[in-house]
Amino acid sequence: MRQRRPSPQTLLLLGALLERPNEWRHGYDLTQETGIKTGTLYPVLMRLADQGLLESAWHEPARPGAPARHAYRLTSDGMAFARDQIAAAIERGTAGLSPA
Amino acid sequence: MTSGFPQLLCRLARRLLPTARQPWADAMAAELYQIDDDRDALAFAGGCLLAALRERIADVDTRFGAGLWSIAIVAALCAVIQLVCAARGVAVLFGARDGMRASLVAAPDLLARYDAARPLVVACFLALGLAQLATAWFLSRDEMRRFVIAWALAMTIAGFAVLVQLSIIWQLDGVPSEFHALLIEAAAVPLLLGWYKRQQALNRKAKP
């Protein structure tokens with residue numbers, strides 16, 4: 001089956017995750033960093049996790065009393081996928097990505 | 001942000017998310033505790049609700065359930081039509097005016113066959129209505145084996161009713177329109193169900 005081309009928001013998120021691939025990232029911080037709205041970000045995170053491109057873990061929060069935070073980073077497959085898709089987007093001339 | 005409207009939105013998002021996505025509800029709710037600004041918290045929680053709604057709509061089981069319910073509602077409406085016909089027939093048996101009978105007065109043979117078959121026709125409508133209600137009920141509960149049995153029963157009764165009708169007037173022009181509707185329903189419901197089942201199987205296969 002032919003794989004669907006990732007949306008501009010997915011590419012933007014992949015780019016942000018690929019910038020610091022070993023670092024665990026949080027949902028709210030990713031919305032701030034990429035400008036992607038929460039309503040779009042979480043479905044994309046879920047899809048990437050479903051495809052095995054994203055790993056997640058629960059981390060103790062820095063704030064006392066707050067619940068554990070869900071953190072994300074790309075898997076090795078995810079990193080390869082992100083590099084391929086971003087390179088393909090640059091080739092297509094759609095690298096100027098916007099979160100809107 | 002630990003209380004108020006944003007928390008309420010996050011709780012709604014949790015209720016909306018399919019069961020398999022519940023850990024994501026915890027993930028979104030936990031992020032809300034990291035946001036100090038009220039407006040940011042509200043925007044974030046609104047986004048969580050939207051994300052949950054998107055996931056609910058995309059959920060294969062939800063879509064299949066909605067499809068089943070749609071077909072069940074159509075089957076229930078058909079059942080109501082059959083039961084209304086049966087009720088009218090019972091009223092005629094107890095002396096209410098029958099427009100069809102009045103138009104047949106000029107043809108005594110036809111009128112005699114019509115009068116003789118009426119109790120059987122009324123019984124057919126009643127049985128058909130009840131059988132179709134059962135199909136709607138089993139369909140809405142995704143009980144496929146019982147649905148198939150009720151459906152086969154309904155179609156047998158419908159076939160018998162058409163034969164009774166044809167024994168009165170042996171011409172297709174005279175077959176009432178409700179039998180045409182039944183014929184369409186008889187073809188459409190299994191086709192739609194088959195299509196939904198195939199879609200469900202394909203979607204499940206596509207998911208890792």
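Predicted model: local features only at pLDDT ≥ 70, side-chain atom pairs only at ≥ 80, totals over all residues.
Residues are numbered from 1 along each chain as its sequence is written.

Let's start with chain B, which has eight helices and zero strands (DSSP runs of H or I with at least four residues, and of E with at least two). Of its 208 residues, 39% are buried, meaning under 20% relative accessible area with a 1.4 Å probe, protein chains only.

Now turn to helix H2 of chain A, residues 27-34, whose buried residues are A:Gly27, A:Tyr28, A:Leu30, A:Thr31 and A:Thr34. Because they cover an arc of only 160° around the axis, they sit on the same side of H2(A); the arc is taken from the directions from the helix axis to the C-beta atoms. Among the partners they pack against are helix H1 (8-19) of chain A and helix H3 (38-58) of chain B. Just after H2(A), A:Gly35 has a positive phi of about 80°.

That brings us to the interface, where chain A and chain B bury about 2,100 Å² between them (accessible area, 1.4 Å probe, lost on being put together and summed over both). A:Tyr28, A:Met46 and A:Arg63 supply 31% of the area that chain A buries against chain B. The interface also holds four salt bridges, defined as a Lys or Arg side-chain nitrogen within 4 Å of an Asp or Glu carboxyl oxygen. One of them joins B:Arg21 and A:Asp50 at 2.7 Å, N to O.

Technical notes. Chains lettered and ligands numbered in written order. Heavy atoms only, no water. Buried < 20%, exposed > 50% of the residue type's maximum accessible area, 1.4 Å probe, protein only. Contact = heavy atoms within 4.5 Å. Buried area = accessible area lost by both parts, 1.4 Å probe.
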